[in-house]
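Please open the structure in your viewer and keep the selection tool at hand.

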Amino acid sequence: MYFLGIDLGSSSIKLAVLDGNTGKGIAHVTVPDHEMQMHAAQAGWAEQDPESWWQYTCDGIKKLKANGLDVSRIKAIGISYQMHGLVLTTKDLEVLRPSIIWCDSRAAGVGREIYEQKGSAFFHSRILGSPGNFTASKLKWVQQHEPQLFEKAAYMMLPGDYLAAKFSGVAQTSKSGLSEAALWNFKKGTLATDVLEAMGLPESLIPEIVSNFGHQAQIAADIAADLGLSKDVKITYRAGDQPNNALSLNVNQPGEIATTAGTSAVIYSVTDQDSFDPENRVNTFLHVNNEEQQKRNGVLLCINGSGILYQWLRKTVSAGSKDLVSYEFLNEQASKVKAGSDGLRFYPFGNGVERIFNNKDATSGLQNLNFNRHENSHLVRAACEGIVFAMNYGFEIMQKIGAGGQRVKATHANLFLSPVFREIFVNTTQTTLELYETNGAEGAARGAAYGFGHYKTLNEANEGLSLISTQEPQKEQGKIYSDWYQIWKNNIKINE
């Protein structure tokens, strides 16, 4: 009995297959064989083609099959996806425009204007935050700027909802997905219809609402035949990538914390309270295991410029060569420089407005660059420090609202592959870091198995998790990083 997990990111799509009998991942593929492009027709925009997500997903399943996996043994599918994106379709699931994805900044002003009109009390008492730059604001932007296209729309979905709809032919969204869209009423436990009304958005665009786990939909017969899957395969789990990352690390109970540093950098803390930041710098969403009788929310901080900054560094250090240096080379370069990067400071705010600054731009780039002292190695280490310092800036906000902690779990992937990055992280945040061998696609497969009913509890679903290492902060190093962090923090410049 196999379970398929799909992790739809902004640079690639990962697929993993879990053997339900052993609890182990038995197959992994990544598609396409290049980083997916974000299209930016204007500064601050970021779009991707949803139809390409579907094609790459099909390619991934066919690749699993070509690698010798009997895909007909797959019983259920779980989907993890990049959060806050907007996909608009007709009733026949025809895509009407490219998806406005998570790091697109165009709707920040829309959300801010509506927030100021209705007041903080209205939104905080319902969605525990502001419409900000989330999916509802992006939908409002389309209504305002593309009214003829908007009139053709039958469904508003998030990226993972679109993939699920392509498998099943049924448009759906999840409760946690609506919370990511700023359209979930936490107090009532329902769709925030009064927020839709306040924003002038029609409720008819919201498709069927399903729970994160359970038999949500069955695969369409023609899709199953084309991909070699059983016609009985069901969609049994869907979640945004950060709640899913927490699930992948078995972070599901109050006080547990997960982190990741992929394209963006995130710290995500589970709570049983309706905690929120009055200034909307960190955000609260439904966690995957939230139930009517068991409140589980996830408080999330997000830094847009993380792995995408590392991608930029890779290209820059390669100096235009077609053969780019490896990420391992960058990690090695960072290890050659002492903490503080010889005074060089990097501000990783070059990928859209930042939530920790109330959806405003902050000045990105370098401070104190000295052409006679600083080399590529300083540049790379300063970037790693800047990313962690930005994460810590948000972590301080989380701690103020009771969503902090001293122990954090991460996947052995992306920037957490770097020993230097891990050293900076534990000593700046003063937390113990647990590193696990898993990934978002495997987590989605475990979610699918639990949603299918193969496992009785999430703890049981995660029994196959493998702990790689535990890293503790060091007192002396902590003092060094604390000093450098304060200097870095004091020199942040917000663009009003």
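Are Tyr485 and Trp488 buried or exposed? Select these two residues first: both Tyr485 and Trp488 are buried. Please bear in mind throughout that the model is predicted.

**First stop: aromatic rings**

Keep Tyr485 and Trp488 selected and display their rings. The ring centres of Tyr485 and Trp488 lie 6.2 Å apart with the planes at 20 degrees; planes under 30 degrees apart count as stacked, so this pair is stacked. Both residues belong to helix H17, and because they are 3 residues apart there, about one helical turn separates Tyr485 from Trp488.

The structure holds 20 aromatic pairs, and one of them joins Phe389 to Tyr485 in an edge-to-face arrangement, with 5.7 Å from centre to centre and 65 degrees between the planes. This pair connects distant parts of the chain: Phe389 sits in helix H13 (residues 376-400) and Tyr485 in helix H17 (residues 475-490), 96 residues apart. Phe389 and Tyr485 are both buried.

Now widen the selection to Tyr347, Phe349, Phe357, Phe389, Tyr393, Tyr485 and Trp488, which ring pairs link into a cluster.

**Second stop: salt bridges**

The count of salt bridges comes to 17. Select Arg97 and Glu146, whose closest N and O atoms are 2.7 Å apart in a salt bridge. Arg97 is found in the loop between E6 and E7, while Glu146 is in the loop between helix H4 (135-145) and helix H5 (147-152), so that distant parts of the chain, 49 residues apart, are linked. Arg97 has 8% relative accessibility and therefore counts as buried.

Move on to Asp161 and Arg238, which form a salt bridge with the closest N and O atoms 3.1 Å apart. Asp161 lies in helix H6 (residues 159-168) and Arg238 in strand E14 (residues 234-240), 77 residues apart. Asp161 has a relative accessible area of 0% and is therefore buried; Arg238, also at 0%, is buried as well.

Then select Asp277 and Arg281, whose side chains meet in a salt bridge at 3.0 Å, N to O. Asp277 is buried at 3% relative accessible area, and Arg281 is buried at 16%.

**Last stop: a charged patch**

Finally, show the surface and select Asp49, Glu51, Asp92 and Glu94, which form a negative patch. Asp92 lies in the loop between strand E6 (87-89) and strand E7 (99-100). Its relative accessibility is 72%, so Asp92 counts as exposed.

Key
Residues are numbered from 1 along each chain as its sequence is written. This is a predicted model: local features need pLDDT of at least 70, side-chain atom pairs count only at pLDDT 80 or more; totals for chains, interfaces and linings use all residues. Side-chain values use heavy atoms; hydrogens and water are left out. Patches are made of residues with over 30% relative accessible area and no salt bridge: like charges are joined within 9 Å, nonpolar side chains (Val, Leu, Ile, Met, Phe, Trp, Tyr) within 5 Å. Accessible areas come from the Shrake-Rupley method with a 1.4 Å probe; for residues, only the protein chains shown count as cover. A salt bridge is a side-chain nitrogen of Lys or Arg within 4 Å of a carboxyl oxygen of Asp or Glu. Lys and Arg count as positive and Asp and Glu as negative; His and the chain ends are not counted. The place of a charge is taken as NZ of Lys, CZ of Arg, CG of Asp or CD of Glu. Helices (H or I, at least four residues) and strands (E, at least two) are DSSP runs, numbered from the N terminus. Buried means under 20% relative accessible area, exposed over 50%, partly exposed in between (1.4 Å probe, protein chains only). Rings of Phe, Tyr and Trp (its six-membered ring) pair if their centres lie within 6.5 Å; planes under 30 degrees apart count as stacked, over 60 as edge-to-face and the rest as tilted.
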